[in-house]
Structures are given as structure tokens and as C-alpha cells.
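Please load the model in your viewer and turn on the cartoon display. The stops below follow the strands and their partners.

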Amino acid sequence: MARLRQEVDPGEVGLDGQALDRVDRHVTRLVDEGRLPGFLISVARGGRVARLTTYGRRDVAAGLPVEPDTLWRIYSMTKPVTTVAALTLVEEGRLSLDDPVADHLPAFAEPRVYVRGSGADLVTRPADGPIRIRHLLTHTAGLTFAFYHCHPVDALYREAGLESAVKPGTDLAGTVDVYASLPLQFEPGTQWNYSVATNVLGRVLEVVAGRPLDEVLAERVFRPLGMPDAGFQVSDARAGRLAELYGETDQGGIRPIPGLPLRGGRPRFLSGSGGMAATAYDVHRFVEMLRRRGELDGVRLLAPDTVDLMTANQLPGGADLRSFGSRPAHDEPGNDGVGFGLGVSVVIDPERTTAPAGLGTYGWSGVATTTFWVDPGRDLTVQFMTQLRPRSPLGLFQDLKRLVHEAVVD
């Protein structure tokens, strides 16, 4: 069985073990206070795991502990995986970042853009240009989420039954057709709005590769990198390792809530935006491939230049996320000094970030309070796993970044 393991003492790779103890104590306290069910955190330097901590329960009611091989719903941490699969097709010449999405999904052939109004009085106009593949990868396509409640187009998503980003009863193809029928918030390529774009990208992968998304990701990412438990479903044999998902109570505690329907058969809706489950070992393998600029254990998934492109800021004018009025997503530390590459956020001005981070640090998070980041300048990779969908950001990732940053002594 593939399990992540601690490989070296922290001091051997320039990390302060006592400082890492402070990381553990901080998150352990949240578990002991009943604010988190349990957690896993790993810190690696130069590819070697120097701290691996598990604490608390993957299933509180059953008393089952978090273990290194616990399976986690990683939600939006699926997006970088879908992005990497797309970039393998780009390298093969089967897809281009500048392709109009309509070349692969004709339903997007005539996008319309919001002008003014709402409801029955909403006014749109034809888009000046097409939505391109790069717009999906950078969340600059003009798409949105129904749950934002910030823009009249968000309301149209809710009216279309997209509260959870999927049209009930439909598969990926059917849901993406619904997205295509709705207006864009803005002209493609001009602004940033975190959205359902990666679901559209997942459908593009299905069309280009001629296979369902789960098979595309297995063929292009999971099997080459040796990610044995990653996928869109959890078999009966592995179901006992899947952590329960929790939400917050009115009293500040936690309670079980429904999560992704991973157990049993293959889900009808395959979400390249947020449908995956994985272990810490799986995530470590994926993140290590990125840290090594596309290669792992002799298997090259992407060219170094492609990873460099993925992890460089792609926002219009080199702006940061705050320039577009964007709020943090998934408890991210903040948008000041943080840009966006292809499927990942990237630090472009460390002096402006709200949590310590080196220039070029990149990563992404999930709505169940999972995250990973890579700090290339410090040769550092970190992942944190739990299963809590909080009502409001906990500020936990800011604390983790600060505490881990303090542990780097060489």
C-alpha cells in the first residue's frame, strides 16, 4: 500500500524541528477545541519529507484516526491536475492555448457578454472575441459560480439549476452546454473571476482525447506519476479510508455533512473542477512533479518550459488578483501580491502578500480546507489535509504559511 512517510530529520534539510512543532501544536489545538475533525500535514525540502503529522479523526463518530493513507476529497485541488492533463495535449499539438473553445465545443460559438440590468431586464451583447483555452486555464473566460450572489449573471446560473455547478441529472457534457447558454460576466481575457471554467476544460479534454475525463486523467497523470488512489470514485475496498466531511455548527463545533458522492459506482458527473479524491501520497507525487519542473522518477510528464509557463502570472497586464476585486477563495491567504498562472495561484510580490511567501510560490486549495504550495526559491513543498467546509475562512492557511516559513533556517 502506498503511504507517505517521513524520510529525513528536519535539520538535515535546513528546517527547524522546534518550529515545525509549533505548526503541529497550532493545528492540534483546533482539533482539541472541536473545530477540526483531524488533519495531515507534510513538509518536504528538496523532495524529501521532513515532517509528516497526522492527528485527530477521519471519522469522529466511528473513532477512526487520520492515517497517512486516508483518502481526502480535494475538491478544487482537482483543477491543477486537469490543467496538467490539458498541457500534455498542448505539448502533443492536439490542443493550443489559443484555440477558441468553440473549435472543440460548438455550443460556445456565439458567446454573449453582460451589459446591464438583471432578471428580465438583463441586456447582453455579442462578445468581441472568442473564449480561448487559455481563458479557461486562467479563469478569465467570463464564467462564474452560482453561489457568489455578486452579479446578475450569478443569478442566471442559479435559475438554470447550477447551485452546485452541475445541472441535476446531467453529465459533464450536458452541464457544460448549460454554461454555454448563459451570458459571460465580461469580455474574455479582460478580467479574472474564479469559476466553472475548469469543468469546461474537462469537457474539452474529453472531446480532444475521445475518452471520458476520468480515463484521460488516469492515462495522462495518475498512472505515469504513480498516484494509485487518485480518482473520481472510491471502491468498496477503499471506502473505509475515506474521511468524512464536516461543516460548522451554530455553536462553533463541527457536524457531518454530505460530500462528493465518491463511494460505489462511477459518478455520472465528472468534475475537472472539483471531483477528485486522493491520499497525501498521491498529492505529494503530483506536487513533486511540479517542483521538479515536469519530471518524476524518470517519467517526464511536461517540459520544464511548460511548467514554468503554468506557474507564471498570466493575468491581464501582469496584475494581481486584488486588482479585479477578487476575494480569497477557499481560505487562501489573500489576493494582494498574488497572481494566477495556468490552474494555480502564484506569488508575484512577496512584500504585499498577507502571509509570508517567496517570489514564485504557487499552489491551490480546496473548499474542504485542503491546500498545497510549492516555494521554488526554498525548494519547499507543503500540503495540508482535513475535511471541513467552514462557513467563513478560518485564517488557517495564513497561519500555516507563517509558521512553516519560520521553520526554514538554511
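Begin by selecting residues 38-45 and 48-59: these are strands β1 and β2, which pair in the antiparallel sense over eight bridges. Strands here are DSSP runs (E, at least two residues), numbered from the N terminus, and two strands pair if DSSP finds at least two bridges between them. The model is predicted, so local features need pLDDT of at least 70 and side-chain atom pairs count only at pLDDT 80 or more, while totals for chains, interfaces and linings use all residues. Residues are numbered from 1 along each chain as its sequence is written, and side-chain values use heavy atoms, with hydrogens and water left out.

Within this pair, pick Ile41, which stands opposite Thr53 in β2. Then move to the turn: β1 and β2 form a hairpin with two residues between them, and Gly46 in that turn has a positive phi of about 60 degrees.

Select Ser42 to find its bridge partner in β16, Gln383.

Is β1 mostly covered or uncovered? Eight of its eight residues are buried, meaning under 20% relative accessible area with a 1.4 Å probe, protein chains only. Colour Gly38, Leu40, Ser42 and Ala44 for one side, and Phe39, Ile41, Val43 and Arg45 for the other; both faces are covered.

Finally, go to the open sheet of three strands, ordered β8-β7-β17 with mixed pairing. Its edge strands, β8 (254-256) and β17 (388-389), each pair on one side only. Select β7 (residues 246-248): three bridges join this strand to β8, and the two run antiparallel. Gly247 has Arg255 as its bridge partner in β8.

Technical notes:
Buried < 20%, exposed > 50% of the residue type's maximum accessible area, 1.4 Å probe, protein only. Helix = DSSP H or I, 4+ residues; strand = E, 2+ residues; numbered from the N terminus.
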